[in-house]
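Please keep the sequence and the model open while going through the points.

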Amino acid sequence: PTQTPGGPPPAPHSDKILEEFQPHLLLQHSGRPRISYPAFSDAVDEFFSLAEGQRLASRAEAAEAAAVDRLDRIRRDQERRVEELEAGMDRRK
């Protein structure tokens, strides 16, 4: 993550998607990347704070996509209306 000039430093591991947390390494996860913390409570705190941030980012992205889609539909409708008006004016000539 990069720091915005004058802004707060980026959260550690904010560029990763954390899937779960365990108090110890399970055998089925031994070959997967992992992050270790000095205390289990630190892992829990970071997991849930990052999960909340990722949820908020996902909601913001969905809202932005919906707004772009809405604007595209409005633009297409306006273009269609202009074409209909121009066709009506051509018929009147």
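1. A residue is called buried if its relative accessible area is under 20%, exposed if that area is over 50%, and partly exposed in between, with a 1.4 Å probe and protein chains only. This is a predicted model, in which local features need pLDDT of at least 70 and side-chain atom pairs count only at pLDDT 80 or more, while totals for chains, interfaces and linings use all residues. Residues are numbered from 1 along each chain as its sequence is written, and side-chain values use heavy atoms, with hydrogens and water left out.

2. On the chain as a whole, 6% of the 93 residues count as buried. The protein chain exposes about 8,000 Å², of which carbon and sulfur atoms supply 56%; accessible areas come from the Shrake-Rupley method with a 1.4 Å probe.

3. The secondary structure comes to 1 helix and 0 strands, where helices (H or I, at least four residues) and strands (E, at least two) are DSSP runs, numbered from the N terminus. Among the contacts in the chain with a separation of 6 or more, 46% join residues 24 or more positions apart, a contact being heavy atoms within 4.5 Å.

4. A51 has its place in helix α1, which covers residues 40–92. Is A51 buried or exposed? A51 is buried, because its relative accessible area is 18%. Between the C-alpha atoms of A51 and E19, which are 32 residues apart along the chain, the separation is 9.0 Å.

5. A pair of aromatic rings is described by the distance of the centres and the angle of the planes. Rings of Phe, Tyr and Trp (its six-membered ring) pair if their centres lie within 6.5 Å, and planes under 30 degrees apart count as stacked, over 60 as edge-to-face and the rest as tilted. The count by this rule is 1 aromatic pair. F47 and F48 form an edge-to-face pair, with 5.2 Å centre to centre and 90° between the planes. F47 counts as buried because its relative accessibility is 13%, whereas F48, at 46% relative accessibility, counts as partly exposed.
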